[in-house]
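Q: I would like to learn how to read helix packing in a model. Where do we begin?

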Amino acid sequence: MELQQQPQRILLPAKVSFIVLTVTLALLFNLLPWRNTAGVPDLTAAVLAFWCIHQPRRVGIGIAWTLGLLLDVGNGALLGQHALSYAVLAFLALTVHRRIHWFPLWQQALHLLLLLLFTQLLTLVIRIAAGAGFPGWTYFAGSFICAALWPVLSFLLLLPQRQAEMMDENRPI
């Protein structure tokens, strides 16, 4: 029995204003005062990875570095720890951006989980090298929550780019 795949829809180009809005909202979410709360997802990292995968020419390592510095300054963290980890996350997301589109959403979420866990591990190594203690294994719960939210996040962030269902006979696409 052969599975029938639904045809892929052609997406409209993403507007820069929408990208800026979503990244700003994710950054504001991360700047809320819950620094030591376990299980809070790093939405800035998830949205950054999403845009690096879906819009690699518009969102890249420089934007990731800037977002990381803003998050470091806003949270009063060690300057550069999030900047370095977000830059590595953007590099890894840009590396797999062509391949990840071939997978269904749950497998994309597994890819994202690995990227986010590596990013959190890098941040943790930097913090421990600076003299902080190990925060416990619940520190990594946010990556699992972000991976679980990936299908919802993908749907919401791609929503403005979807074309109307009604097709015009005068247009080829």
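Q: Leaving aside its neighbours within four places in sequence, which residues is V47 in contact with?
A: This is a predicted model. In it, V47 is in contact with T22, V23, A26, L153 and L157, once neighbours within four places in sequence are set aside.

Q: Let me step back to the overall layout. How many helices and how many strands are there in the protein?
A: The protein has 6 helices and 0 strands. Read from the N terminus, the order of elements is α-α-α-α-α-α.

Q: What share of the residues in the protein is buried?
A: Of the 173 residues, 39% are buried.

Q: Among contacts between residues at least 6 apart in sequence, what percentage joins residues at least 24 apart?
A: The figure is 69%.

Q: Now the packing itself. What describes two packed helices?
A: Two numbers do: the angle between the axes and the distance between them. Take α1, residues 16-30, and α2, residues 43-54. Their axes come within 7 Å and cross at roughly 160°.

Q: Which orientation do α1 and α2 have to each other?
A: Angles over 145 degrees count as roughly antiparallel. The two helices α1 and α2 are therefore roughly antiparallel to each other.

Q: Which residues of α1 and α2 make the contact?
A: On the α1 side they are F18, I19, T22, V23, A26, L27, F29 and N30. On the α2 side they are L43, T44, V47 and W51. Sorted by class, the contact of α1 with α2 has 9 nonpolar residues, 3 polar ones and no charged ones.

Q: At what angle do α2 and α6 pack, and how far apart are their axes?
A: The angle is about 55°, and the axes are 11 Å apart. Helix α6 covers residues 141-158. The pair α2 and α6 is therefore oblique. Their crossing is right-handed.

Q: Which residues in α2 meet which residues in α6?
A: From α2 come L43, A46, V47, F50, W51, I53 and H54. They meet C146, W150, L153, S154, L157 and L158 in α6. By class, this contact of α2 with α6 holds 11 nonpolar and 2 polar residues, with no charged residues.

Q: S154 is on that list. Is S154 buried or exposed?
A: The cut-off for buried is under 20% relative accessible area. S154 has 4%, so S154 is buried. This residue is found in helix α6. Not counting residues up to four places away in sequence, S154 touches F50 and L105.

Q: Let me try another pair. At what angle do α1 and α3 pack, and how far apart are their axes?
A: They pack at about 30°, with axes 10 Å apart. That makes α1 roughly parallel to α3. The crossing of α1 and α3 is right-handed. V23, L27 and N30 of α1 make the contact with L67, L70, L71 and N75 of α3. The residues of this contact of α1 with α3 divide into 5 nonpolar, 2 polar and no charged.

Q: Next, the core. Which residues of the largest nonpolar core touch the most other members?
A: The core has 32 residues. V47, L48, W51, Y86, L89 and W150 touch the most other members. Each of α1, α2, α3 (61-75), α4 (81-100), α5 (105-129) and α6 supplies at least two residues of this core. The largest share, 9 residues, comes from α2.

Q: How far apart are L113 and G142 in sequence and in space?
A: They are 29 residues apart in sequence. In space, L113 and G142 are 9.7 Å apart, C-alpha to C-alpha.

Terms used
Residues are numbered from 1 along each chain as its sequence is written. This is a predicted model: local features need pLDDT of at least 70, side-chain atom pairs count only at pLDDT 80 or more; totals for chains, interfaces and linings use all residues. Side-chain values use heavy atoms; hydrogens and water are left out. Axes are lines fitted to C-alpha atoms, for helices over the stretch in contact, and angles run from 0 to 180 degrees between N-to-C directions. Helices (H or I, at least four residues) and strands (E, at least two) are DSSP runs, numbered from the N terminus. Angles under 35 degrees count as roughly parallel, over 145 as roughly antiparallel, 65 to 115 as roughly perpendicular and the rest as oblique. Contact means heavy atoms within 4.5 Å. Ala, Val, Leu, Ile, Met, Phe, Trp, Tyr, Cys and Pro count as nonpolar, Asp, Glu, Lys and Arg as charged, and the others, Gly among them, as polar. A crossing is left-handed if the near helix is turned anticlockwise from the far one by less than a right angle, and right-handed if clockwise. A nonpolar core is a set of buried Ala, Val, Leu, Ile, Met, Phe, Trp, Tyr and Cys residues joined through side-chain atoms within 4.5 Å. Buried means under 20% relative accessible area, exposed over 50%, partly exposed in between (1.4 Å probe, protein chains only).
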